Each structure stands twice: as structure tokens, then as C-alpha cells.
Amino acid sequence: MNNLQKKAVDLAMAGHNLFITGQAGTGKTFVLKEMISVLRQSGRKVAVLCTTGMASLNFLNFGATTVHRWAGLYDGRYHSSELKDLVLRDDRYDHVRKNACDADVIIIDEVSMLSKKIFEQLELVCRTAMGNHQLFGGTQIISCGDFRQLRPVKNDLYNDPGLYCFQSDIWTSVFPHRCHLVDVMRQDEQELIIAIDETARGAVSDETHNLLKSLDRPLLTDVQPLHLCAHNADAQWYNSEKLGDPEKVYHANVSGTHKYLKRIIAPNYLAIKIGCPVILLINLSSTLVNGLHDIVKSYDDNSIGVHFPDIKETYSQET
Ligand SMILES: Nc1ncnc2c1ncn2[C@@H]1O[C@H](COP(=O)(O)OP(=O)(O)OP(=O)(O)O)[C@@H](O)[C@H]1O
């Protein structure tokens, strides 16, 4: 580890709350992994939380999970008062209370994607579960991320405007220490590192501009490119064009409040054929996470089989 990385680990070992930042490639993930190992070797129970399921795959061997799952926030549906009641009184929140009470240290990675609302709800859950008035119930908190990378996603459905967590009034009290990693540790692709930094700062040099232009090339023929659409309706139209005649169509049994149902991103029917690409829209487990995509391998009246080679697992969901 370099000196700044060592300093971050020392602060964590000394029990301090800490925010670690630095541009892409400065070794944030690397230092977190070192930190988790050292803290655990010293006997401390470390909860490793990520803001997305995909990010938690970086910490697969460290028992990482998402903030939402760990703290029982689900899709952000609860008002803080409801959440407090659930943590205090609801049997279904036994595991959440246990999560919070068992952890000596909570580590949050990719914190740039954590919204102010979710940050404050996580704090509330910890404080309520611990029955302790201190921030996060007095549990040590370490967060890590680069606010010039991905930002929080707003959630209109549940009144989350997607403000950054550092806009919270409690942010500076929670994190009195800030460790800014400056040395880019990634040895290869120096040009790309400079390009990422310049693009993040909005100051693109001619060299970076030329590098980005040079990447404009025909796609490989055996690669199925991901097609990004600005609107769900466009994505649905594109998918049905590409799918052609489906081999099987499943219809959802839908019930609930119209106001909420109309804003759900998953369509109420699913048309598939063998070999068609599918993407997970929710986290089903700590490895089957929102954003994973692969192709349909099999189906019958009640289930669809999808093979996700990255996680060496075949998942079959009852439809
Ligand atoms: N002290 C170190 N010694 C050797 N290699 C290191 C060290 N720190 C980081 N690295 C290597 O540098 C590369 C970048 O590190 P890492 O992925 O942790 O950076 P990061 O800041 O998390 O980047 P990003 O923001 O893009 O996720 C990795 O290959 C990592 O193994």
C-alpha cells in the first residue's frame, strides 16, 4: 500500500469514521479490501455495503450486500417514520436489527450513488436498531467513492430527488476524516486514465479528444451491443422489433394502486424466445443482481431458465 492508503487503514483500525475518495484508479477498492481484511483479522465484525448489486459483485468474497437489502429499505418505499416503526416493532425486521447490532464497522462502497435520503434512512435504521441516540447508533462508518463518477438516481415514485449524500446535514458530523488518494495505481492504460480525469473535470484536451475519436470503429460482428434508449416506451418498441414473433408470452397478475403501478419499469407482460437477451431489474440475491444480463436458455409454462456465466449459476424463476 502507498502512504495514503496506509493512513486510511490506520484511521480505520483506530476506530475513526472516514470518507475515502480519489479519482478512478487510485486504489479505492484495493484499500477497502485491505481494510476489511485487517479489521476482520483484529476480530471486528465488518458489514460491507454497496449502493448497487453490481458494485457488490466487486466484494463477492467479502460477504457484501446492498445498502437497501441490509437495512430493509427495499426500493425506497418507506417514509422514515414507517421505517422507524418497522425496525422497532416488526418481526420481519429481526434480520435488519441483527445486521445493525452485529456490525462493529459499516463500510459503504460507491458512495457517490447513495442519495441523501437513503443515507439518512440507513443512519436512522442503525440508530433505531441500536437504541442509541448517537449518529448511526455509534457504529463506526467508512465510506468510499468518487463524487465525479456515477451520481444518485432520483426516484420520483418515492420522493427521492436524488440529492448527493454529502448534501445531508449530518454528512460532516458523520465523517470528520477525509482521505484523498491521489496516486493513480493502475499501471496500464495511462492515456485512458488521463482521459477519464479530464472528462470528469470537463476539461478535455486535444489528446483526449483524439483518443476518444480513435475509439469510434465498427462493432465486432459476434458482439451483441447493448442499445440504450432514453425512454421505456422506446426500449419496449425496440425489443419487440428485435424479438419478432415470441415463442412464449407471460402476463403478470397485477394488483395495487394505479399511481404506483403506472410507474413500475417492468412491463406487465414478458415475451421471450430461446436465445433472447434478458436483464434483471431487481436484486434477487447477493449474486443475482439488478443489471445482470444474459440469454434465455429454456422455458416452460411456469418458469424461465437463464444462465449467468459470470456468476456460474443457473437461475430458474417461477413465472
Ligand atoms: N497499493 C497498491 N499496490 C499494487 N496495486 C495497487 C495498489 N493500489 C491499487 N492497485 C491496483 O491499481 C488498480 C486500480 O485500483 P482500484 O480498482 O482499487 O482503483 P479505484 O480507485 O477503486 O478505481 P475506480 O474508481 O475506477 O473503481 C487495480 O488493478 C489495483 O489492484
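For sorting residues by class, Ala, Val, Leu, Ile, Met, Phe, Trp, Tyr, Cys and Pro count as nonpolar, Asp, Glu, Lys and Arg as charged, and the others, Gly among them, as polar. With that in hand, the shell around the ligand in this predicted model divides into 4 nonpolar, 7 polar and 2 charged residues.

Who sits in that shell? There are 13 residues around the ligand, and Gln 5, Gly 25, Lys 28, Thr 29 and Phe 30 come nearest. Helix H2, running over residues 28–41, gives the most to the shell, with 3 residues.

| Residue | Atom on the residue | Atom on the ligand | Distance |
|---|---|---|---|
| Gln 5 | polar side-chain atom | nitrogen | 2.9 Å |
| Gly 25 | polar backbone atom | oxygen | 2.9 Å |
| Thr 29 | N or O atom in the side chain | oxygen | 2.8 Å |

As for how wrapped up the ligand is, the protein covers 68% of the 630 Å² of accessible area that the ligand has on its own.

Zooming out, the protein chain is built with 12 helices and 12 strands. Its radius of gyration is 22 Å, close to the 20 Å that the globule rule gives for 319 residues, so the chain is as compact as a globular protein of that length. The C-alpha trace spans about 60 × 60 × 35 Å along its principal axes.

Key
Residues numbered from 1 in each chain as written. Predicted model: local features only at pLDDT ≥ 70, side-chain atom pairs only at ≥ 80, totals over all residues. Heavy atoms only, no water. Near = heavy atom within 4 Å. Polar contact = N/O pair within 3.5 Å; in protein donor to acceptor, adjacent residues only side chain to side chain. Areas by Shrake-Rupley, 256 points an atom, 1.4 Å probe, with all protein chains shown as cover. Helix = DSSP H or I, 4+ residues; strand = E, 2+ residues; numbered from the N terminus. Rg over C-alpha atoms; globule rule 2.2 N^0.38 Å.
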